[in-house]
Amino acid sequence: MKNKYSIFSLIKNAFSYHENWEKAWKDPEPKKEYDAVIVGGGGHGLATAYYLAKKHNMKNIAVVEKGWIGGGNTGRNTTIIRSNYLWDASAGLYDHALKIWEGLSQELNYNVMFSQRGVMNLAHNLQDVRDLKRRTHANRLNGIDAVYLNTEEVKKFCPIINTSQDIRYPVLGGTLQKRAGTARHDAVAWGYARGADEMGVDIIQNCEVKGIKRNGDTVEGIETTKGFIKTKKIGVVAAGHSSVIANMAGLKLPLESKPLQALVSEPVKPIIDTVVMSNAVHAYVSQSDKGELVIGAGTDDYVSYSQKGSHDIVEGTLNAILELYPIFSRMRMLRQWGGIVDICPDASPIISKTSIKGLYFNCGWGTGGFKATPGSGDLFAHTIANDEPHKLNAAFNINRFVSGDLVDEHGAAAVAH
Amino acid sequence: MFLINCPFCGEREQSEFKAGGEAHIVRPKQPTELSDDEWAEYLFMRKNIKGVQFERWNHVHGCRKWFNMVRDTSNDQIKAVYKMGEKPPVE
């Protein structure tokens, strides 16, 4: 049993100069065989392992990660959490996640710094206004909090926005989801890792999958850089590298992996206490607790695994940021980076069984997977444990690309893809 | 950001171009005969290779012509550029 984190443990460890904190998770070598192996130690993968152990009593399982946990897209995103998606299936999926977020720090005994500071999506033209109003109504029918704001109300909620009607893309209105917000992305991975480890899950880092062994249409195990691991169930949560793993099993996925960039500024005093996103001019901004502006850019349009994006994408984003927030004109940017996101043709994820027995994929989250981390893990764990999808992820099966029953959230989710 | 040697205009910045996805996906000759699985394969399934991949590109802010490219997606290095209709180079 791990020591509980509390004010008392903090005081106790202060006496030993914080040198005796126990490790949050072990660093084991892989066993010969597991009941299930999760490929990918990001937030989604660790959450999957956590819920497999907690809710489905599968404790003889492992998470294999080619780098270090949370070192991929989990540590590279802009930490925005919201559930204001248009379609019923997406609303169900993302609001399931948001409800778990609301109690996650307590559940994990790990402060994920979930902050419901609200997310505002701006409208810059008449079509945006219509789309956002439609989505507000759709959200409310699905029990998701959403309000439509006119220009004055946008200005009141976030006073630093330039609402002049003379700019190139004037703010005509916006939507607000107050339950939405941000969380500390690393803490999510660490919290789930600590929780899973406590229940006996082996978290194996620096262990890259090199092949998937099949016997006909059934999986038998994985070849890794740390040797062969026998297992009957493989859950792949490899984000940008999903197609690479699928290829090892002889499967093809409807994904394209593209660089998505983000950047942060030097830290400054609190200036923006919410998250503002804009689809039309493609810029979103929030402020971290350290004071840095966290700015998200768009994806490049070509396939790349290089974790580098193009400068013109960042330039376009900063142009938009400066027009909307002239107050930031003298801010200096500290860091810029890219992550590889796996984009589905309908901009919705795949949480699904495959044609190969025992092989499951959780991928295609594209540019917006972080917000779904707890829900994704919970539903993927259900799918793996029962070999059947939960009703909330049934629509997100891989066969929708054959049946044509797509969940088209491109543009509809008030999200810039 | 990288430079692309357009077969019609010469070397230009990548931002002048638009990526058109995987190359050499052949449009079905008899669309009415296709099964749902074959449609899914044609419309949605992509190789999405980490490594050397064949792609279509369009010089949208230049000559606006389409052409093909062989590119290593793991480091964005361009191996070859060739015109539409030409045979892809063999490694």
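This is a short tour of a predicted model, moving from the contact between two chains to selected places inside chain A.

**Stop 1: where the chains meet**

Show chains A and B together. Here 28 residues of chain B are in contact with 25 residues of chain A. The area buried between the two chains is about 2,100 Å², and carbon and sulfur atoms give 54% of that area.

Next, look for the polar links. There are 14 residue pairs in polar contact across this interface, both residues having pLDDT of 80 or more. On the chain B side, strand E3 (18–22), helix H1 (36–43) and strand E4 (52–58) each supply at least two of the residues that touch chain A. Sorted by class, that side of chain B has nine nonpolar, eight polar and eleven charged residues.

The interface also has two salt bridges. To see one of them, select A:Asp301 and B:Lys18, whose side chains come together at 3.3 Å, N to O.

**Stop 2: aromatic rings**

Over all chains, the structure has 16 aromatic pairs. Select A:Tyr85 and A:Tyr94, which form a stacked pair with ring centres 3.8 Å apart and planes at 10°. A:Tyr85 has a relative accessible area of 3%, so it is buried. A:Tyr94, at 4%, is buried as well.

For a group of rings, select A:Tyr5, A:Trp21 and A:Tyr110, which form one aromatic cluster.

**Stop 3: a buried threonine**

Go to A:Thr175 in strand E7 (residues 173–177) of chain A. A:Thr175 has 1% relative accessibility and is therefore buried. What does the side chain of A:Thr175 make a polar contact with? The partner is the side chain of A:Arg135, at 3.0 Å. Apart from neighbours within four places in sequence, the residues in contact with A:Thr175 include A:Asn84, A:Val119, A:Leu132 and A:Tyr148.

**Stop 4: salt bridges in chain A**

The whole structure has 25 salt bridges over all chains. Select A:Glu102 and A:Arg179, whose side chains form one at 3.2 Å, N to O. A:Glu102 belongs to helix H3 and A:Arg179 to the loop between E7 and strand E8 (181–182), so this pair ties together parts of chain A that are 77 residues apart in sequence. A:Glu102 is partly exposed, at 36%.

Finish with A:Arg332 and A:Glu266, a salt bridge of 3.4 Å, N to O. A:Arg332 is in the loop between helix H8 (311–324) and strand E18 (333–343), while A:Glu266 is in strand E14 (residues 256–267), so the pair ties together parts of chain A that are 66 residues apart in sequence. A:Arg332 is exposed at 58% relative accessibility, whereas A:Glu266 is buried at 19%.

Terms used: Residues are numbered from 1 along each chain as its sequence is written. Chains are lettered from A and ligands numbered from 1 in the order in which they are written. This is a predicted model: local features need pLDDT of at least 70, side-chain atom pairs count only at pLDDT 80 or more; totals for chains, interfaces and linings use all residues. Side-chain values use heavy atoms; hydrogens and water are left out. Contact means heavy atoms within 4.5 Å. Buried area is the accessible area (1.4 Å probe) that two parts lose on being put together, summed over both. A salt bridge is a side-chain nitrogen of Lys or Arg within 4 Å of a carboxyl oxygen of Asp or Glu. A polar contact is a pair of N or O atoms within 3.5 Å; within protein, one must be able to donate a hydrogen and the other to accept it, and residues adjacent in sequence count only if both atoms are side-chain atoms. Helices (H or I, at least four residues) and strands (E, at least two) are DSSP runs, numbered from the N terminus. Ala, Val, Leu, Ile, Met, Phe, Trp, Tyr, Cys and Pro count as nonpolar, Asp, Glu, Lys and Arg as charged, and the others, Gly among them, as polar. Rings of Phe, Tyr and Trp (its six-membered ring) pair if their centres lie within 6.5 Å; planes under 30 degrees apart count as stacked, over 60 as edge-to-face and the rest as tilted. Buried means under 20% relative accessible area, exposed over 50%, partly exposed in between (1.4 Å probe, protein chains only).
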